[in-house]
Amino acid sequence: MSLKRLGLNSILLVSILFLPWWATIIIGIALVLVQKNFYEIIAWAIFYDLLYNVSGIDIWGFTFFFTLGALILFYSAEFLKSKTRFS
Amino acid sequence: MRGYPRYNRFRETMLQGNREKTKLYVKRTALIAVLIFILWYASLVVRPLEAGAVSVSGIFWNIGVFIAERFSAAGIFFKDKQNLVEENTELQNALRIAKTQTLVYEAVIQENEELKRLLGREDVSRGILGRVLSQPNRSPYDIFYIDIGKDRDIITGSLVISGNVLLGVVDTVYAHSAKIRLFSSPDTETHAVISKKKISATAYGQGGGVFEIKIPRDIEIAAGDAVMYPSIHNYLLGTVLKIESKSTSSFQSVFFRAPINIFTTQFVLVTDDLILKIEEQE
């Protein structure tokens, strides 16, 4: 893993642990757009859901909403980047 | 196709590329489906991962608390002197008012304790102090972590307070930490009593420390009214912020919030009391 990628992952980890959740979402979206194939966003989203999910807030027993969001974000971003100059 | 070798080569390359892309697409979709299946159904896999995530996070949170405690005084040097003088004056005035109110409050508490003693219901509160590791605004679900867990015999369902304000309940206990769910967490229902009118109701968490109660429109409620948790210990849930009612509805919505800033609370007390679940009363 390059230093740049390591740095970006560190930023996301700090954001998950110390920043408000909306800041984490903004940073996550920015990192996915900036970094090519930032698949680590899915792993961090799983980490986030493991840490902060609550029993009772679910849809048919599914509680990993941020993971689902990260999957959608990752594939949408890669698709958009391939069609625009953002890649 | 005959006679067009360049086109044929191009077509072959495109088809090969498309086949590879399709294979990649199918593999990725299968991987995502397996991942979602595991996260959805395999709690045996998820629970240890959750405990691991909390343990790792606990290390960073403790480092964060250590740094915050060491450098909290540094901010004072950057404040303008005039601002500090004004702030000091305001705080002294507020303190004078608070001291007066405290005298009345203490007298009422003493009378309340005496009455309970006479009726054989002494209020002996026990609890364990916990340091808040992560603030509720880290997630949209109004939860936070404290630095005590199974090592201090914390159990799920214990009520968590700050002073006399009831904050929430212990949701999950780990080896050295616990997840606390605030009663204001979305989709959370809590027993509540609007103390002025002695009206029992169910408070629904709205997130961000805010609750909602729906009561009949003809009941008069004012901003600032106290909302209590039905318990021998007089736990305060919050004070009324605003009331909303529509002419077409026979109910009014009362929004209230805890009187303390849940986003800056540093210490909480985990009590011996267990939550009274809504379904137990029905």
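Reader: What makes helix α3 (residues 40-52) of chain A roughly antiparallel to helix α4 (residues 65-83) of chain A?

Author: Happy to go through it! Their axes come within 7 Å and cross at roughly 165°. Axes here are lines fitted to C-alpha atoms, for helices over the stretch in contact, with angles from 0 to 180 degrees between N-to-C directions. Angles under 35 degrees count as roughly parallel, over 145 as roughly antiparallel, 65 to 115 as roughly perpendicular and the rest as oblique. The crossing angle therefore makes α3(A) roughly antiparallel to α4(A).

This is a predicted model, in which local features need pLDDT of at least 70 and side-chain atom pairs count only at pLDDT 80 or more, while totals for chains, interfaces and linings use all residues. Residues are numbered from 1 along each chain as its sequence is written, and chains are lettered from A and ligands numbered from 1 in the order in which they are written.

Reader: Which residues of α3(A) and α4(A) meet?

Author: Two residues are in contact if their C-beta atoms, placed from the backbone, lie within 7 Å. On the α3(A) side these are I41(A), I42(A), A45(A), I46(A), Y48(A) and D49(A), and their partners in α4(A) include F65(A), F66(A), L73(A) and F74(A). The residues of this contact divide into 11 nonpolar, two polar and one charged. For those classes, Ala, Val, Leu, Ile, Met, Phe, Trp, Tyr, Cys and Pro count as nonpolar, Asp, Glu, Lys and Arg as charged, and the others, Gly among them, as polar.

Reader: Is the crossing of α3(A) and α4(A) left-handed or right-handed?

Author: Right-handed. The near helix is turned clockwise from the far one, whereas a crossing is left-handed if the turn is anticlockwise by less than a right angle. The crossing of α1(A) and α2(A) is left-handed.

Reader: How do you know what span to expect for α1(A)?

Author: The expected span is 1.5 Å times one less than the number of residues. Helix α1(A) has 16 residues and reaches 22 Å from its first C-alpha to its last, close to the 22 Å expected.

Reader: What makes S158(B) buried?

Author: A residue is buried if 20 or more other C-beta atoms lie within 10 Å of its own, exposed if 12 or fewer, and partly exposed in between, with C-beta atoms placed from the backbone. S158(B) has 22 such atoms within 10 Å, so it counts as buried. S158(B) is found in strand β3 (residues 158-162) of chain B. Its contacts, leaving aside neighbours within four places in sequence, include V169(B), V170(B) and D272(B). In α1(A), L8(A), L12(A), S15(A), I16(A) and L17(A) are buried too.

Reader: How many helices and strands does each chain have?

Author: Helices (H or I, at least four residues) and strands (E, at least two) are DSSP runs, numbered from the N terminus. Chain A comes to four helices and zero strands, and chain B has four helices and 12 strands.

Reader: Which element of chain B gives the most to the side that touches chain A?

Author: The contact takes 23 residues from chain B and 17 residues from chain A. It is α2(B) that gives the most to the chain B side, with eight residues.
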